[in-house]
Amino acid sequence: MLIPILTMSLMGLLFGLGLAYASNIFRVEIDPKIDRVIHALPGANCGACGMAGCASLAEAIVNGKSEITSCAPGGQEVYNRIAEILGAEVKVKKKKIARIRCNGGKRSSDKYEYSGLKKCAGVSLLAGGNKECRFGCLGFGDCVSICPFDAIRLNENNIPVVNGSKCTACGKCVKTCPKKIIILENADHKIYVKCLSQDKAVVVKSICPVGCIGCKICEKLSVGAFIVENNLSKADYTKAKSDTPWQAVIEKCPTKCIARE
Amino acid sequence: MDLSMFLSVIIGAIFINNFILSKFLGLCSFIGISKETKPALYMGVSVTFVTTCASIITWAIYNFILVPCHIEYLRTISFILVIASFVQLVEMVIKKFSQALYRTLGIYLPLITVNCAVLGVAVLNSEMFFKPGLNTLTSFTLSALQGFCVGLGYILVMLFMSGIRERLELCDVPKSFKDAPISFIIASLMSMAFMGFSGFRF
């Protein structure tokens, strides 16, 4: 009876002491700031900063390898908290938002019938997608499924809609969209052209009822706050004035491709 | 100690008595970390490393401590003790000497501490090779070999499963079967396929 008790207790004691000793030898010094920064970060491990996760970013920030404002999803509140921990100043960064620059979806015509994998990435491999418009949204919602913040939904026309309050401009949808029609833009610039088609008016009219035809009505009405280049209109906020007639421009656009959030 | 014995241990550990699909050990990590191929492979490598080392250490503990003291019946608890301490130690050492390796393997090591496959291989070894009659060198080599091959079998199945699950991501699985349920069904089908290897028993 005594031998088993003794052996087991001895083994346990030995291993315990061994581990305690080893943990002393192999201790790794960690900056306590890193731990606090990790807690300040959102902890979604979304990878928007380009690091492996929040922990790696926290390490990079504390070591001065990354900016305090590297975490786009965190926003101002997180920057302030990190700055407080590190005792540094935050440069104010403008809030950005992902914008879907197409409004066609179901309304624009198809080139062929597609019955393969229901992913934009899949259909885009076949002649650039099943839409006649070579610029348009394919409508399978790869951006919806990749969004780590659940900010994108498909509307009734199969066009993704970004929820501005949930979007953190992490840029994952921008990267995943095979047609590159999602663009990060300044969230204050509420009015934008919901089309990226550089096709001529005749072509656009034949394949999509809501594409920009480059008619320049917006350019004239807004006195330069819209510029038409390559048959495509674009809002130019550097030229915008306080009395720019935004509402009139939106209403006068013949294909209604100028949108307000 | 002849070649056929080695061969039967290798094939037995990898295919016939595959720990995941035939012995149903290590299932939590099998379902938990098989969503993507890369982590699955890293987990497999970590498990292989630990099973090999655990086989060697438990062999030493069994033969040099338990047998002389005539307390073989305390096998399980002493193996748990040894394996848990060993994994902790490995984690510390890796963390100290290779941050890069720690980042890839480190997160899996705590999972291995409580992985039944590791204890399973130690117990299996003690049942198969620690008996009197086999000479010391043979039982040591076979134990270490079996530990290593069990790890290989684990990697094999993890790669199968993660490959299938990666493709499954793109499939239209009914909502009620998404993620874990469909994985269990796949696991059972794979397990049935592995039952075919039992016919090779020699």
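At what angle do the axes of helix α1 and helix α8 of chain B cross, and within what distance do they come? The views below, taken from a predicted model, begin with this pair.

**View 1. Packing of helix α1 (residues 3-16) against helix α8 (residues 136-168) in chain B.** The two axes cross at roughly 35° and come within 7 Å. The crossing of α1(B) with α8(B) is right-handed. On α1(B), the contact is formed by B:Phe6, B:Val9, B:Ile10, B:Ala13, B:Ile14 and B:Phe15; the contributors from α8(B) include B:Leu142, B:Leu145, B:Cys149 and B:Leu156. The contact of these helices comprises 12 nonpolar and 2 polar residues, with no charged residues.

**View 2. The largest nonpolar core, with 59 residues.** Within this core, A:Val37 and A:Ile181 touch the most other members. Elements of chain A that each supply at least two residues include α2 (32-40), α4 (75-86), β1 (96-100) and β7 (232-235). The greatest contribution, 5 residues, comes from α3(A). A separate, second core of 44 residues includes B:Val9, B:Ile61, B:Phe79 and B:Ile83.

**View 3. Surroundings of A:Ile181.** Leaving aside residues up to four places away in sequence, A:Ile181 touches A:Ile100, A:Arg101, A:Cys102, A:Phe135, A:Cys137 and A:Leu196. Chain A, to which this residue belongs, has 10 helices and 8 strands, and 31% of its 261 residues count as buried.

**View 4. The contact between chain A and chain B.** Chain A provides 16 residues and chain B provides 15 residues. The side of chain A that touches chain B consists of 10 nonpolar, 4 polar and 2 charged residues.

Terms used. Residues numbered from 1 in each chain as written. Chains lettered and ligands numbered in written order. Predicted model: local features only at pLDDT ≥ 70, side-chain atom pairs only at ≥ 80, totals over all residues. Axes fitted to C-alpha atoms, helices over the stretch in contact; angles between N-to-C directions. Helix = DSSP H or I, 4+ residues; strand = E, 2+ residues; numbered from the N terminus. Left-handed = near helix turned anticlockwise from the far one by under 90°. Contact = placed C-beta atoms within 7 Å. Nonpolar A, V, L, I, M, F, W, Y, C, P; charged D, E, K, R; others polar. Buried ≥ 20, exposed ≤ 12 C-beta atoms within 10 Å, placed from the backbone. Core = buried A, V, L, I, M, F, W, Y, C linked by C-beta atoms within 7 Å.
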